[in-house]
Amino acid sequence: MKLCRKCFARSIEEKTRATVSKYQMVRFDDKIAVAVSGGKDSVSLLHVMAKIEREYPRAKLVAISVDEGIEGYTDEALEIAAENCKELGVEHFVVSFKDLYGFTFDQMVKRLRNKGDDMLTACAYCGVLRRKALNLAARKVEADRLATAHTLDDETQTILLNIFHGDVLRIAKEKPVTDEVHPKLVRRIKPFCEIPEKETALYAYVRGIKFQSRPCPYASEALRNDARVMLNRLEEKHPGIKFTIFKSIERIRPALEEVAKEEGLHECSECGEPTTDEVCRTCQMRKQLE
Ligand SMILES: [Zn+2]
């Protein structure tokens, strides 16, 4: 079936709306914070959520961006995020690594490399810090939900990565809408979790949305790349396979959650944020920087 541009864009909006309602991602009067990096997926999500939000007169939408402080990259990303927010009339909040952690990401990488620390790949490191920053920001703006632009591709890659890393119980937690596990953790929702990345990208083109196309200079998660290539090859030969993987996990998730149950959350002894460890991963990383 071929769709014209307009109908294609509408089909993405319709699919997202269906995902949001199927997983009961939002309540009618929620304040929803959308994490906007400036990349195609997140700006597309902002545009789609702005449309969905209009159908919920008592809901409110805000955008949150993280300024990691990566030279030649972050400035442009933040500018594009801000432009899209302005166009849609959505309030935009920015939190920075520098303010939260005392260093920009560039400075952190430099420090760790100078110390000869065998740090995790920069992406994984940044991911942990971003996650915490987004949660803090979402709490600050009193959001009920934090929406991230993870696509079907991201989700299936993460499933495989968790298996590759032997961290399978993590799969239980990475669900379309997280549970209320701790009052300090804003519940996260993934309205694009059933939409392939190809389609979110096409959506941005079709709707003429401006996004950052420059890749992050630290982007180098080798294993994720391998998972991406593998999944894309499989999908080409066996269309629908990504969706089948995603749905398979959805089916066995209750059993995984049963096993993962005993891993309770408490507050980090350093910063008081929720964690499963004694000291949260962000604070562990901060100690590495000292
Ligand atoms: Zn901590």
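**Close-up 1. Contacts of I64.** Leaving aside neighbours within four places in sequence, I64 is in contact (heavy atoms within 4.5 Å) with A33, V34, A35, V36, F93, L134, A137, A138, V141 and L146. This is a predicted model, in which local features need pLDDT of at least 70, side-chain atom pairs count only at pLDDT 80 or more, and totals for chains, interfaces and linings use all residues. Residues are numbered from 1 along each chain as its sequence is written, and side-chain values use heavy atoms, with hydrogens and water left out. I64 belongs to strand β2 (residues 60-67); strands (E, at least two residues) and helices (H or I, at least four) are DSSP runs numbered from the N terminus. I64 has a relative accessible area of 0% and is therefore buried (under 20%; exposed is over 50%, partly exposed in between; 1.4 Å probe, protein chains only). The C-alpha atoms of I64 and A137 are 7.0 Å apart, although 73 residues separate the two along the chain.

**Close-up 2. Packing of α10 and α11.** Helix α10 packs against helix α11 (residues 241-260) at an angle of about 115°, with the axes 8 Å apart. Axes are lines fitted to C-alpha atoms, for helices over the stretch in contact, and angles run from 0 to 180 degrees between N-to-C directions. The two helices are therefore roughly perpendicular (65 to 115 degrees). Here L231, N232, L234 and E235 of α10 meet I241, K242 and I245 of α11.

**Close-up 3. Position of M230.** M230 lies in helix α10. With a relative accessible area of 37%, M230 is partly exposed.

Key:
Parallel < 35°, antiparallel > 145°, perpendicular 65-115°, else oblique.
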